[in-house]
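Visitor: Please show me the model, and then let us go through the terms used to describe it.

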Amino acid sequence: MRKTSDRKEEIIKEAINVFKEKRFDNCSISEIARRLGVRTSLIYYYFKNKDEIFREIVGYFRDELCKKIEVASTVDGTPFDKISSILLAYKDYTKTERTLYDIFREVEFVDRDLAFDFYERLTGRIKDALKQSLIEGLDSEAISYAILGSIYFVVIKNLIWENKPDIEKEFEVVKLVLKNGIDKIGNFAPYIIPKKELSLEETQSFESRGEKTRYSLIKAAEKLFGDRGYNETQISDIAYHAHVGLGTFYLYFNSKKDALKEVVQFVNKMLRKNSWYYCKDFTDRREIENAGIQAFFYQFKTMGNDYRIVRESEFIDKDIGVWYYTRIASSYAKGLLEGMNRGEIIETDPETLAYILMGISHTVGIRWFVLNKKKGLSDKSILSVLEFIMHGLKGILKED
């Protein structure tokens, strides 16, 4: 950490343990003080509140990682060499400081400006590596976020969720996609899929009044968790917005966390339903990817608050959040494997490829729909991302 007094350093180190174990919302100054065996007034002497401690920790992680990225971006070689070096630095530093990285991932809920600064600094180095070689007419910003996204879930899944010692094999898959894209045949031209006016509400036919009440509670919880966040929502609020009594809530859910679990399952179901609706007329896996990724962006625009629920759920109950992504990745990998067997998709580990593609969509979506709340990606941005996905750097850079 930054050079500071021994006592302040002591507070920060213990705070890291508490943030890691309890996450930001459940952490408190009193808990940090209790573990240190000191009075809370001592901690308040150094920090105004837990937010300031959190920002000290995540600011350090951001600055140190950005330094590593800065150095990595200065290597000699092609844009592929430079970007591979940047992604390797990202992977290696998060591996070394995985506890700090895990804490840092909550920053978009605590300090959106700091999160935006972090992403802009990292993707800025990628843009610099591309700027002299990118084909005219492509969106360098969208592509830079897509490139960063290619490593995003690979790191989280393997280093954070599964705590692997390293991810050398998975990183080779990232580099393969970075260089060549996923189109094995090499002739697929991405195109815009018109937005389909699919209602994201399920067509409901309730067999009983109880089923209808349960659905009303899930929808009320979905709205409140999305608008306010989990910790700012009370069970009484959910019951009120569902137009039922507080006791009725407990007929269907044991706790607020149980309601969160069902909301996340509902969002997962709607995402898969929406993707199916966009992709159902295609058999070529490249067509399916072209349509499915656009379906995700359209749904992100419509259900942005729902995606916040999914992101937040991992920090409330790891099993709930991880289930969401692994549920998607499991079926995603099966579809990619079918495309590999037909000779449409490059042959590689389908699970890692699924997490790469999920990370690309996620990171681009975070940039446009969460960090600065733009309400949509332009066709140019979408096609730029898809061109990178299909053909990698070789498809978006000028020939030497």
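Visitor: Which residues in α1 are buried?

Guide: This is a predicted model, in which local features need pLDDT of at least 70, side-chain atom pairs count only at pLDDT 80 or more, and totals for chains, interfaces and linings use all residues. Residues are numbered from 1 along each chain as its sequence is written, and side-chain values use heavy atoms, with hydrogens and water left out. The buried residues of α1 include Ile11, Ile12, Phe19 and Arg23, where buried means under 20% relative accessible area, exposed over 50% and partly exposed in between, with a 1.4 Å probe and protein chains only.

Visitor: Why is Arg23 called buried?

Guide: Its relative accessible area is 11%, so Arg23 counts as buried. Arg23, which lies in helix α1, also has a positive phi, near 70°, without being a glycine.

Visitor: Is Asn163 buried or exposed, and what makes it so?

Guide: Asn163 has a relative accessible area of 53% and is therefore exposed; it is found in the loop between α9 (140-161) and α10 (168-180).

Visitor: Why are α5 and α8 called roughly antiparallel?

Guide: The axes of α5 (residues 79-96) and α8 (residues 112-130) cross at roughly 155° and come within 8 Å. Angles under 35 degrees count as roughly parallel, over 145 as roughly antiparallel, 65 to 115 as roughly perpendicular and the rest as oblique, and α5 and α8 are therefore roughly antiparallel to each other.

How values were computed: Helix = DSSP H or I, 4+ residues; strand = E, 2+ residues; numbered from the N terminus. Axes fitted to C-alpha atoms, helices over the stretch in contact; angles between N-to-C directions.
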